[in-house]
Every structure is written in structure tokens, then in C-alpha cells.
Amino acid sequence: MKIAITGAGGFLGTALTDALRARGDQVVPLSRQAIEAWPREIDGADGVINLAGEPMAGRRWTDAQKQRIWDSRVRTTARVAAAIREASRPPRVLLSASGIGFYPDSGIVVDESSPAGDGFLSRVCVAWEAEARKAESAATRVVLLRSGVVFHRGGGALAQLRLPFSLGLGGPIGSGRQWWAWIHRDDWVRMVLWALDTEAVRGPVNVCAPEPSQVRDITRALGRALHRPAVLPAPAFALRLALGQMADDMLLASQRAVPRVARDLGFVWTFPDLQAALDDAVY
């Protein structure tokens, strides 16, 4: 198959590109510096995977940074959807990134049928998904990839979490009672390929392990995987002081999301267990 991808050079896009090429697919990276070429490159593709977006972490969320986060997702997705609508030979499927941040900050179990929250990340995800849905037609099915926290030694959340552990300073984040939906990157790639190939997959899909975990359990498991103590907490007030709104929306928020769609359609995880996932991901 011919698959066009935005964000092909990122933490997730690189792994997905490698997997697609390994199974014999042709990958066409779509650069945001060459948006004018997208209609031509998308025309005749079998599928489009939209992963573009400014990194969420690593920088304080000033008003300017929040605008970059919004534009890099919402406006880019609007361009992708427009190119698909203009195509004389539209792709059979669009897989468009979203996130577990779509859901409210609560300890309640949520799945793909649950409503959106009202925080900044939720509003981004709602607008992001709305633009992707504009590509949906009789010819093109649309899948919305609501990804959880992705663990892999190659980067992402794990690269940021393991640094304090390497210094012997790891421990719970905030209260540690908040829930994170997580997934090993290998399973993330496998689930995206499954969604690409499975006609029954449409609309939102929570791309996460079968069971979410509380952050205190994640940090304990990471400490065991790294053979480091996990006893020094990062207080919520200190995180808010250092990171502002990003701390509340990304580190302290609780999204207890489960992958009902994938489970109901028979997807099988390689790493459903938290400790096994982190043991593999750190080395």
C-alpha cells in the first residue's frame, strides 16, 4: 500500500514508518514545509496517517506556545482533510492523531463513548478531531487515534520520567493517585497498523493498554525496571510553579481511559502488563 504520513520523523512516526516499510508498504512523508504538494501526494494513496503536532511537553505553556500547539494540530489537520476532499482518488482511510486528553480530568472509567472535558487539551482534541472528520466520506473512513502515554526507550514520556530516577530522585508525581492510560510503543505501532487494515475500525479509538494505572504504580514499576528507588515525590505545587498549566493538564490530570473499541474488535496486546512493558521499554 501507499501510505502518506505527516509527522513521519517524530518519536511515533519514525517507528510507524519503519514498521510500514518492513511489511512492504510505500511511505510518503508529508512535510509541513511543502503543504502545497499535499493534494498531489495524497491523491491515489491507499491511506493517510496524520501525526503532526508541536511537542506538548518540555516547554512552559505560554499563550504563544498554546497557540503553536493548537495550530500545529488543528490547522494542519484541516489542510490534510482539505487535500483528501480535493483528491480525485481519495484514500480509503485517514488515521488522525488525537489524545487521551480529550476526556475530563476525573478518576471515572471512560471509553470512546464518553464525553469530552473542558480543559485546554480537551478543547484542542475536540477541534483536532472535528477537522479530521471533515475528510470522512463514502470513500474514506476516518479513525481518531486517542493515544495514551507511550513508553519506549527511544523518547517520549519515558525519556523525561527516567532522568530523575537516574539521579536517585524518582518518585510519585503529585499525589500519585491520578490515572494514566499508557501503552508500550510496540503495541502503539501494532494498534495503528491494525486500525489501518481493519475496515470495522471507525471513529475514536483509545490507543492504550487494556488497563490504565495510577501514577504511583507507574513510578514504582519504573523504579523496579531501572533498579532505582522511587520514594521522592514531585509535589504538585512545585510542578505548577515550574510548568504552569502544563503540569495540571499533562502530569496531574487523571484520565482513566480504557480501549473498549480495540478490545471488542479482538485486538491482542503484546504488553498488557505495566511492569513487563516498562521492563522492556527501558533497555
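**View A. Asp 111 is a buried residue, with 16% relative accessibility.** Buried means under 20% relative accessible area, exposed over 50% and partly exposed in between, with a 1.4 Å probe and protein chains only. This is a predicted model, in which local features need pLDDT of at least 70, side-chain atom pairs count only at pLDDT 80 or more, and totals for chains, interfaces and linings use all residues. Residues are numbered from 1 along each chain as its sequence is written, and side-chain values use heavy atoms, with hydrogens and water left out. Asp 111 sits in the loop between strand 5 (109-110) and helix 4; helices (H or I, at least four residues) and strands (E, at least two) are DSSP runs, numbered from the N terminus.

**View B. The surroundings of Asp 111 include Arg 260.** Apart from neighbours within four places in sequence, Asp 111 is in contact (heavy atoms within 4.5 Å) with Tyr 103, Asn 206, Val 258 and Arg 260. The side chains of Asp 111 and Arg 260 are joined by a polar contact of 3.0 Å. A polar contact is a pair of N or O atoms within 3.5 Å; within protein, one must be able to donate a hydrogen and the other to accept it, and residues adjacent in sequence count only if both atoms are side-chain atoms.

**View C. Strand 1 (residues 2-6) pairs with strand 3 (residues 47-50) in the parallel sense.** Four bridges link these two strands; pairing requires at least two bridges found by DSSP. Gly 47 in strand 3 is the bridge partner of Ile 3.
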